[in-house]
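The following exercises concern the chain shown below.

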Amino acid sequence: MTRDLKHVLAGLRARDKASVAQVLNWVEDRRFAAQSRVQELLDRLCREHGDGAEDEGLRIGLTGPPGVGKSSLVARLGCAYRQAGRSVAVVAIDPTSVVSGGALLGDRARMEFDPRDRDCFMRSLSTRGHAGGLSYAVHSAVQILASAFDVVLVETTGVGQNETDIIHIADTVVLVVQPGGGDTLQFLKAGVMEIPDLFVVNKADETKLAQRALSDLKSALHTLAAVGSFSGAPPQAISTSARHGDGIEDLMNAISAHREGLGDKGRSHRRQQGDLAWSFSLFLRDFGVFGMNQLGGQEVVKRLLHEGLVRGSSPPAVVDTLGSALLRAIRDPDFQRHRV
Ligand code: GDP
């Protein structure tokens, strides 16, 4: 490991803002030198933390349509965790920056964190038009931040792919909706009601509408539970007002309850599944369906990736190793007879 990488790693562990920002700059920088630094860092963290269930930060994803109050809620939640003595990192995934060239999600002024507070860090990351949902950068960023902070809050916008991708990143996925938005129906139609671990109706200060939305949501969850849509207990639904700070404690309790229900084993399993999904999409990005078929198809590739991850390599390193094997194999005239 080079000196500057060692230095940055030490800074990351101490939650030094400049070092954390430096690492995330590398994460966003697609050039080879930056990406290999990130890979080295991830490898080191993977070796140290293993599957990371016990000693890594809690990863909480908040998702939902624009305007429902996710940024406001994240700010409240972040402050509440800080007040409880936990260090907090916030990653806001910015789907707009492809067009606006890097505009931050929402109004960051709403984030009332003290800029001098070492134990909180905030950053927007752009998905840069990545067609497959949350970008690779987000996976790396969240993994790196979770090695240094007690809580990592990930805020994403949209319905569809992002909702399904967030499950590969977060231990607990919170879907935020607002009263009168018809969101429940929309999510039912989109078939993503099974993804969130928790439902929040924000803007509960808009009283009547909020009560109605909450009871609609609860009855939709009840119906889904009755037809066996959830493998475990059905997700909780609660209401909050990010504007007035109501329900934040309930939200924290519900997040803790979900985490406890998951257990260390469940959390490790979920992270392994997330890393596998991340590696597989990296593999497809770099080697395509052709590469996959050369190695014997999707199942074989997933098995090989899984084996690499279990050995403690980071997702990018596992893909690199498999890629090298693929290239060697393609050059080997006997390849068709001796598949990797
Ligand atoms: P996001 O796009 O989902 O991140 O939503 P924002 O946090 O940017 O909030 C969108 C708008 O809703 C802003 O004008 C907020 O002030 C407002 N807002 C957020 N939370 C609440 C709430 O609990 N009650 C009310 N009445 N308005 C809220």
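**Exercise 1. Describe the chain as a whole.**

Of the 340 residues of the chain, 51% count as buried, where buried means under 20% relative accessible area with a 1.4 Å probe and protein chains only. The structure is a predicted model, in which local features need pLDDT of at least 70 and side-chain atom pairs count only at pLDDT 80 or more, while totals for chains, interfaces and linings use all residues. Residues are numbered from 1 along each chain as its sequence is written, and side-chain values use heavy atoms, with hydrogens and water left out.

The secondary structure comprises 12 helices and seven strands, taken as DSSP runs (helices H or I, at least four residues; strands E, at least two) numbered from the N terminus. For contacts (heavy atoms within 4.5 Å), 75% of those between residues at least 6 apart in sequence join residues at least 24 apart.

**Exercise 2. Determine the span, the packing and the end of helix α11.**

Step 1. Helix α11 covers residues 298-310, which are 13 residues, and reaches 18 Å from its first C-alpha to its last. This is close to the expected 18 Å, the expected span being 1.5 Å times one less than the number of residues.

Step 2. The buried residues of α11 are Val-300, Val-301, Leu-304, Leu-305, Gly-308 and Leu-309. They pack against α10 (248-294) and α12 (315-331).

Step 3. After α11 comes Gly-312, with a positive phi near 100 degrees.

**Exercise 3. Identify the residues that line the largest cavity, and classify them.**

Step 1. A cavity is a set of points on a 1 Å grid over the protein atoms alone where a 1.4 Å probe fits but cannot get out, and lining residues have an atom within 4 Å of a point. The lining consists of Arg-59, His-139, Val-142, Gln-143, His-168, Ile-169, Gly-274, Asp-275 and Trp-278.

Step 2. At least two lining residues come from each of α6 (136-146) and α10.

Step 3. The lining divides into three nonpolar, four polar and two charged residues. Here Ala, Val, Leu, Ile, Met, Phe, Trp, Tyr, Cys and Pro count as nonpolar, Asp, Glu, Lys and Arg as charged, and the others, Gly among them, as polar.

**Exercise 4. Is Arg-59 buried or exposed, and which residues does Arg-59 contact?**

Step 1. Arg-59 lies in strand β1 (residues 58-64). Arg-59 counts as buried because its relative accessibility is 6%.

Step 2. Beyond neighbours within four places in sequence, the contacts of Arg-59 include Val-142, Gln-143, Ile-169, Asp-171 and Arg-267.

Step 3. Arg-59 and Asp-171 are 112 residues apart in sequence, yet 5.3 Å apart in space, C-alpha to C-alpha.

Note on methods: Buried means under 20% relative accessible area, exposed over 50%, partly exposed in between (1.4 Å probe, protein chains only). On a 1 Å grid over the protein atoms alone, a cavity is a set of points where a 1.4 Å probe fits but cannot get out, and a pocket is an open set with protein on both sides within 12 Å along at least five of seven lines; lining residues have an atom within 4 Å of a point.
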